[in-house]
Structures are given as structure tokens and as C-alpha cells.
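Welcome, and thanks for taking a look at this one.

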Amino acid sequence: MLKVTARVLSVVALAMLGSVLTALGEDDFPLVGTYTENQACKGDASDTAASRVKITPRDIDSAFGLCTILDKKRAGNSFAVHVECRGPGGSQMLGDINFSLRDDKTVDFADQDQTYKAVLYKCPD
């Protein structure tokens, strides 16, 4: 009986630790959420799928494809993110993208070569 209780307490403690670590990770990366690109998000079905960008602590999913976040560095309100992306046809590439949080709660986005820039508007949760 004592061993079973100890195991249950261990599982509960690990689950709580995982929740705490996830919460800390999201605070370090406040970009987590769903956005629309270059237009205000209405938060309903009228937002086009092509303009949607979903950011999680591990991935960035957009019309371009799914990018896995390999590394992220924060400097104030700016984030340098190193990603591995899978584009159309299954092609894979590595790249760096930069995000900058604005005071108006939008996010500036630019690729490493500054060839593509966009403004991301956060959708309501």
C-alpha cells in the first residue's frame, strides 16, 4: 500500500513539474498563438487559411509549410528563431527568422535575408 501511494505521488509530482516547465517556456516565448498575416484577425471562419500562422513552443505552421523550431533566442522584445521547414513537395531547408513584438501587440516578421517581411496580427483565443 505504501509503495502504491509513493508511486501515485511521484506521478502527480512529475505531472505538476511538466505543467510548470511548460508555463515557464511559454513566458519565455510569448509568441505562442494563432495569427493572420498582414491583416487584422477577425477570429471567425472568414479569415483565409492562406494568411493563418500558428506558433507553438515547438512549431510554426503557415501556408509555406510546417517549421520545427530548433533554437530560439530572446533579446528584449525580439526573437531570433532557427527553424527547419518542410515546404511544398516535402523539400526541407534550414533558416533563421526574426520576430519583434510591437507595442500595439502585433508582431513584425522577417526572414534571415530580409526578402520577406510581414506583420502578424494575433487572433482571439
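## About the model

This is a predicted model, in which local features need pLDDT of at least 70 and side-chain atom pairs count only at pLDDT 80 or more, while totals for chains, interfaces and linings use all residues. Residues are numbered from 1 along each chain as its sequence is written, and side-chain values use heavy atoms, with hydrogens and water left out.

## The disulfides

Two disulfides are present in the structure; the term stands for a pair of cysteine sulfur atoms within 2.5 Å. If the bonded cysteines of the chain are numbered in sequence order, they pair as 1-4, 2-3.

Let's take Cys41 and Cys123 to begin with: their sulfur atoms lie 2.0 Å apart in a disulfide. The torsion about the S-S bond of Cys41 and Cys123 is about 105°, so this disulfide is right-handed. The pair links distant parts of the chain, 82 residues apart, with Cys41 in the loop between strand E1 (33-37) and strand E2 (52-55) and Cys123 in the segment after strand E8 (117-122). Strands (E, at least two residues) are DSSP runs, numbered from the N terminus. Cys41 and Cys123 are both buried, where buried means under 20% relative accessible area, with a 1.4 Å probe and protein chains only.

Now for the other bond: Cys67 and Cys85 form a disulfide with 2.0 Å between their sulfur atoms. The link of Cys67 and Cys85 is right-handed, with 110° about the S-S bond. Here too distant parts of the chain are linked, Cys67 sitting in strand E4 (residues 65-75) and Cys85 in strand E5 (residues 78-86), 18 residues apart. Cys67 and Cys85 are each buried.

## Strand E7 and its partners

Strand E7 (residues 107-111) is mostly covered, with four of its five residues buried. Which strands does E7 pair with in the antiparallel sense? One is strand E6 (residues 92-101), over five bridges, and another is E8, over four bridges; two strands count as paired if DSSP finds at least two bridges between them.

E6 and E7 form a hairpin with five residues between them, and Lys105 in the turn has a positive phi of about 75°. E7 and E8 form a hairpin as well, with five residues between them, and in that turn Gln114 has a positive phi of about 60°.

Technical notes
Buried means under 20% relative accessible area, exposed over 50%, partly exposed in between (1.4 Å probe, protein chains only).
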